[in-house]
Amino acid sequence: MQQQSTYKQLTLITPTAAMHASVHGGRAKCLQRLIRLEMPVPVTVALSFDAVQQIARGQSVDMDALMAPFGPQPLLSVRPSSQDPDWGGPSAILNIGMNDARHDAMCETMGEWAASAMYLRFVQAYAIHVARLDPDEFYLPDVPDRLSLKAMLDTYEAETDEQFPQDPAVQLTQVLRSMARAWDGTTARLLRQAKGAPQDAGLGLVVQAMALGVGQGECGSGVIQYVDSTTGVPQITGRYMSQSQGREALGAAEGAIYLTRDPRGPSLEDLCPDAFAELVALRDICRGYLREEMQVEFTIENGNLHILDAVRVQRSSRASVRIAVALAEDEMIPREEAVLRVEPAALSELLHRQIDPLAKRDLIVRGIAASPGAATGRIVLTANEAQASAARGEACVLVRRETTPEDIRGMHAAQAVLTMRGGVTSHAAVIGRGLGVPCVVGASDLSIDFKKRQVIAPNGRRFAAGDTITVDGTTGQILAGEPPMLEAALDDAFQTLLQWADEFRDIGVRANADTPADAQTARNFAAEGIGLCRTEHMFFEGERLRVMREMIFAEGGDDRRAVLDRLLPMQRADFRALFEIMQGRNVCVRLFDPPLHEFLPSDKAGLRDLAGQMDVPLHEATARVEALSEYNPMLGMRGVRLGIAIPEIYDMQARAIFEAIAAVIKSGTEITVEIMIPLVSAMREVELVKARVDGVANAVMAETRTEFEYRLGVMVETPRAALRAQDIAEHAAFLSFGTNDLTQMTYGLSRDDAGRFMSAYVQQGVYAEDPFHTLDIEGVGELIALGAERGRAGRKDVILSICGEHGGSRSAIAFCRTHGFDYVSCSPFRVPVARLTAAQLALQDRVVS
């Protein structure tokens, strides 16, 4: 912020006055620009942030100096002027200076109805916002006249034990003090911080002469904007309140007429074509000189136009993208600025259906927003029910205490997912984001009664299976019923903005994609490849799951190989589909990672079904499941440990990958394949797996008579792997940091259970943010930086990336750019957000340098 001493506390806004948005606020600076453009702006005085702070502390400004520019007995308005208009501020207060004497005089010149309406509105605003009286006691009457005015003034006197103030200077002093104090209130602080304002953000105020819009000719007041706030499409919208047309002719709208010609009634274009033409011409002026789409507040007095204010048009995410692109295409702003103007979160909203912001919400409970978008469906409680519902063509919401890998087929079938447990990196959250399915997790206030097949809310409301609910994965809300929706909007402006972003970013963006459908989504969003393909997700469907269970029950390596031979063509087909979709791009395939118990049921019904599938007695199936159980399976026999203890699994997967490569090469498709070993903690693990994988590759090349290349690397997700990265990198072409497990192991936290207490930790400052939501730069980040440095020491050309759920976040992308990583990889639906974020970070670095 510039030094306050450079500027006056009170500044009459003129073309040459010393003013700055960081001192007087954005509205004050905008008014000066309008005056420089010779627009008919009434006399205006700006109060600096410093002056408003003094007023809030009980000090006063020089009221004589403040009121001098307005002449004797002025009528004034006061509006807030924060540094960024989007930060908001206290409500504007108009008609300051209205009193009994002014009312009597105005009744003679403009009529009792108009004069009383002005005085009533001022008394109402003063009573509510300045005296802080009950709004219910100060409603505007249907007929504004002397009697209704007297009644409101009497109410004010009864509520305050004093007469309504008649001195304009006293009125203005109290209005300024009220607005200054309101800005410092707790509610106002929270609201502006939610909009990105710093905690110590200042507020300026602008005091302006009222342009009444009353007289003998066409008179009135209105607001006009030139784009639709929802779509961003050019369109004149707004309102105009005519004083000249008369309330009797126009009914309860109190003189409201259309701006443009309309067969339904009179319009400003008809009544005052010259003023209307001036207003229309303002759009090009605002776009050309203010470089923005503005909303203009105006009055017309005897056919003459007065501009009271101009503010940036409030806009939806869809409109913000279209407006930024349109301004750049019309050369009002450079492309770089258009890319910087759009919040990355806005793109996330455009990728998914959203609940209409104007819709009423019947809130059941609030959980953790885990996967954006909104969807409505009937409640189902199992994956089987979700699949059956999808087969009938019925939309459903899968409700679980927590999901397991076996639920993936149900998540595919459902329109949305809701769980009672979990956090932003829980199983449901990760899969939901990957599928683009709206998901809310950690709704711990809900419970499920499986016997009665009901979901029970904390207030006792019960929702039976089959009842309709809506999941809002953007806000974390669960709603009863089916509110109206807004559809996803991937229009030309969206695509254009991202094409520009790709020109400016300096780090690669890949997608985590596990199936051909995921890969197609990633390709549609212009991902540069697949940074993580979790192959185990290919095993949780129908026949594949049954074969997988047979392999688990097999005795000895030969039996396992025989069963895996049946899985081989399934995996090969999946990989070939992935490679063909991603032709010309990199695909990184992670070998099998999860513990085997995830493929086996734990409930009695599931165990009986398993016994039937395996054709063994129930007690034998139960004993087998118990034998595979571990005290902490996520730290047990999984990842590379499975590949070494049961090498047949990795042999089958390697063969499936290489046979798929050979097949697509023969069909003329170019592909670069990387094979990633999960959960590594020692160099010897890499050596053992690499030897077997290389052996399979040589065998397939000989059998197919096809030469191909591939890279083998490591997923760094244990602290030891980061610490020993120099040794590991000698045998690995790339190091991809899996931040989900690395965060778990660094903190000693379960990402599935942390949601139970994480909010309390963040609220009490134990952690600044949820480390599963925002990458912990100080702790986990230091391990990653150390691993990257040591990895380069072991292999200068090692490829570095992040492929955990943090990969699409701003802080993680900034961290990766700082440390020279080659790319980040994130869920397919976060790819556009990551592309825009990376571009913005690169452009911001240009400005700094």
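Biologist: What does D741 touch, leaving out residues up to four places away in sequence?
Modeller: In this predicted model, D741 touches R638, L679 and E717. D741 itself lies in helix α30, residues 739-747.

Biologist: Why is D741 called buried?
Modeller: The relative accessible area of D741 is 8%, and buried means under 20%, so D741 is buried.

Biologist: What makes the buried residues of α7 line one face of the helix?
Modeller: Those residues are S148, L149, M152, L153 and Y156. Viewed down the axis of α7, they fall within an arc of 135°, so they line one face. An α-helix has 3.6 residues a turn, so residues three or four places apart point the same way.

Biologist: Which exposed residues does the face of α7 turned away from the buried side carry?
Modeller: L147 and A158 are the exposed residues there. The cover over the buried residues of α7 includes α5 (100-110) and α6 (112-130).

Biologist: How does the reach of α7 compare with what is expected at 1.5 Å a residue?
Modeller: Helix α7 (residues 146-160) has 15 residues and spans 21 Å from first C-alpha to last, close to the expected 21 Å.

Biologist: How do you know that α13 and α19 meet, and which residues are involved?
Modeller: Contact means heavy atoms within 4.5 Å. V321, R322, V325, A328 and E329 in α13 meet A493, F494, T496, L497 and W500 in α19. The residues of this contact divide into 7 nonpolar, 1 polar and 2 charged.

Biologist: At what angle do the axes of α13 and α19 cross?
Modeller: The axes cross at roughly 65° and come within 9 Å. The crossing of α13 and α19 is left-handed.

Notes. Residues are numbered from 1 along each chain as its sequence is written. This is a predicted model: local features need pLDDT of at least 70, side-chain atom pairs count only at pLDDT 80 or more; totals for chains, interfaces and linings use all residues. Side-chain values use heavy atoms; hydrogens and water are left out. Axes are lines fitted to C-alpha atoms, for helices over the stretch in contact, and angles run from 0 to 180 degrees between N-to-C directions. Helices (H or I, at least four residues) and strands (E, at least two) are DSSP runs, numbered from the N terminus. A crossing is left-handed if the near helix is turned anticlockwise from the far one by less than a right angle, and right-handed if clockwise. Ala, Val, Leu, Ile, Met, Phe, Trp, Tyr, Cys and Pro count as nonpolar, Asp, Glu, Lys and Arg as charged, and the others, Gly among them, as polar. The expected span of a helix is 1.5 Å times one less than its number of residues. Buried means under 20% relative accessible area, exposed over 50%, partly exposed in between (1.4 Å probe, protein chains only). The arc is that of the directions from the helix axis to the C-beta atoms.
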